[in-house]
Amino acid sequence: MSQGPRSGLAAVSSALLAMSRHLEVRDVLKTIVASARELLDAQYAALGVPDDHGGFAQFVVDGVGEEQWKAIGPLPRQHGILAAMLQEARPQRLADVRKDPRFEGWPSAHPEMSDFLGLPVRDGDEVLGALFLANKNCARPQGGCGFTEDDEELLAILAQHAAIALTNARLYERSRELTIAEERSRLAHELHDAVSQKLFSLRLTAQAATALVDRDPARAKGELQQVAALAAEAADELRAAVVELRPAALDEDGLVATLRTHIHVLDRAHAARVTFTSQGVRALPAAQEEALLRVAQEALHNALRHSGAQRVEVTLGKRGPGTVLRVTDDGEGFDPTTVRRAGRHLGLVSMRDRASGVGGTLTVVSAPGKGTTIEMEAPGG
């Protein structure tokens, strides 16, 4: 290895340990890419996970700034060298990728790349992704590639372990999805047992009061008082069930990881594209984290079930001393004043209550045909 056996082994060990620390797929991808770029001393690194439609379900880069990445535009398609790595499933080491006959160009904002090293990430016969590096930070031989055979061997070792880490992360997320489904089933069962009998009694008592109101007003009054008592009990049961449902993942993984997993599940379950980005948010007090999560869940429910949105974006970031959650959709939108007058505002009231309950604020911006943005700001983070 070009760094010498001892330093090379230490570097590989550090990279493998870094990959093993993460269970979320996105975190694993980012760690693989960052480890590969550092390990082989390259200017750029990327890893693409293909979808079933000729594009990439996920594409993670390292060495490209956020503004430049936004300027590059949509994710690449499976063409050129990327397609070769996915289809031929063998390494690609080039002195200048731009001179390869398979090269099909890149967007104007894309960084210039020359020497190139790429190979597939495989789990048996399945190609999980394409991992590549560009622009080795070294003096290049005349007409040759900065990446060496030793680099290729080292990246192959890293790719083998990356496949294991990525497979484990996918299995973990699937198990979490099953856990979420089981929790929903449990909640439905508990709500049925705890609340449905009281609601049934409430209905019968209300009917009795209606029958007595003319011939025996005193008894009717007593029945109505019982209706009020049963309604209060049912509300208490519902409240207790909701309070109990503070997700275990929130305690174990924190807000960012819990939101990422929840949104990943929604993205797979709905036709709309649901995305999540987070930057600079640290751990928050438990009450703030739960309030932000519940507001995000309510806003996502509204966007996915009622707005007709094609895209829903969730962001979590810092604003001064506080943390800001923003849920934006491109759906039908609505007039907030009309919704309030019509009485169809329980979701908004609940979200405002959750925000104010932790010392935060909730802002709703919407108009017919203009989509909706719901923003909650909470102290801390």
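1. The burial of P120. In this predicted model, P120 is a buried residue, with a relative accessible area of 9%. A residue counts as buried when this value is under 20%, so the figure of 9% places P120 in that class.

2. The surroundings of P120. Leaving aside residues up to four places away in sequence, P120 touches M85, A89, R90, P91, V127, G129, A130 and A159. Another, A89, follows α4 and has a positive phi, near 55°. P120 can also be compared with G48: the two are 72 residues apart in sequence, while their C-alpha atoms are 9.6 Å apart in space.

3. Helix α4. How many of the nine residues of helix α4 are buried? Seven of them are, and the helix, residues 80-88, is accordingly described as mostly covered.

4. Helix α8 spans residues 255-269 and helix α9 spans residues 286-306. Their axes come within 10 Å and cross at roughly 15°. Because of this angle, α8 is roughly parallel to α9; angles under 35 degrees are counted in that way. The crossing of α8 past α9 is right-handed.

5. The residues between α8 and α9. On the α8 side, the contact is formed by L255, T258, L259, H262, I263 and L266. On the α9 side, these meet E289, L292, L293, A296, Q297, L300 and L304. Sorted by class, the contact has nine nonpolar, three polar and one charged residues.

6. Most residues other than glycine have a negative phi. D41, although not a glycine, has a positive phi of about 55°. N135 is likewise not a glycine, and its phi is positive, at about 60°. D41 is in the loop between α2 (25-40) and β1, and at 37% relative accessibility D41 is partly exposed. N135, by contrast, is located in strand β5 and is buried, at 8% relative accessibility.

7. The loop residue G63. Where is G63 found? G63 is in the loop between β2 and α3 (66-72). Its relative accessible area is 36%, so G63 is partly exposed. Not counting residues up to four places away in sequence, G63 touches R37, Q43 and Y44. The C-alpha atoms of G63 and A34 are separated by 8.4 Å, and these two residues are 29 apart along the chain.

8. The protein as a whole. The protein has eleven helices and ten strands. Of its 381 residues, 41% are buried. Among contacts between residues at least 6 apart in sequence, 63% join residues at least 24 apart.

How values were computed:
Residues numbered from 1 in each chain as written. Predicted model: local features only at pLDDT ≥ 70, side-chain atom pairs only at ≥ 80, totals over all residues. Heavy atoms only, no water. Helix = DSSP H or I, 4+ residues; strand = E, 2+ residues; numbered from the N terminus. Buried < 20%, exposed > 50% of the residue type's maximum accessible area, 1.4 Å probe, protein only. Contact = heavy atoms within 4.5 Å. Axes fitted to C-alpha atoms, helices over the stretch in contact; angles between N-to-C directions. Parallel < 35°, antiparallel > 145°, perpendicular 65-115°, else oblique. Left-handed = near helix turned anticlockwise from the far one by under 90°. Nonpolar A, V, L, I, M, F, W, Y, C, P; charged D, E, K, R; others polar.
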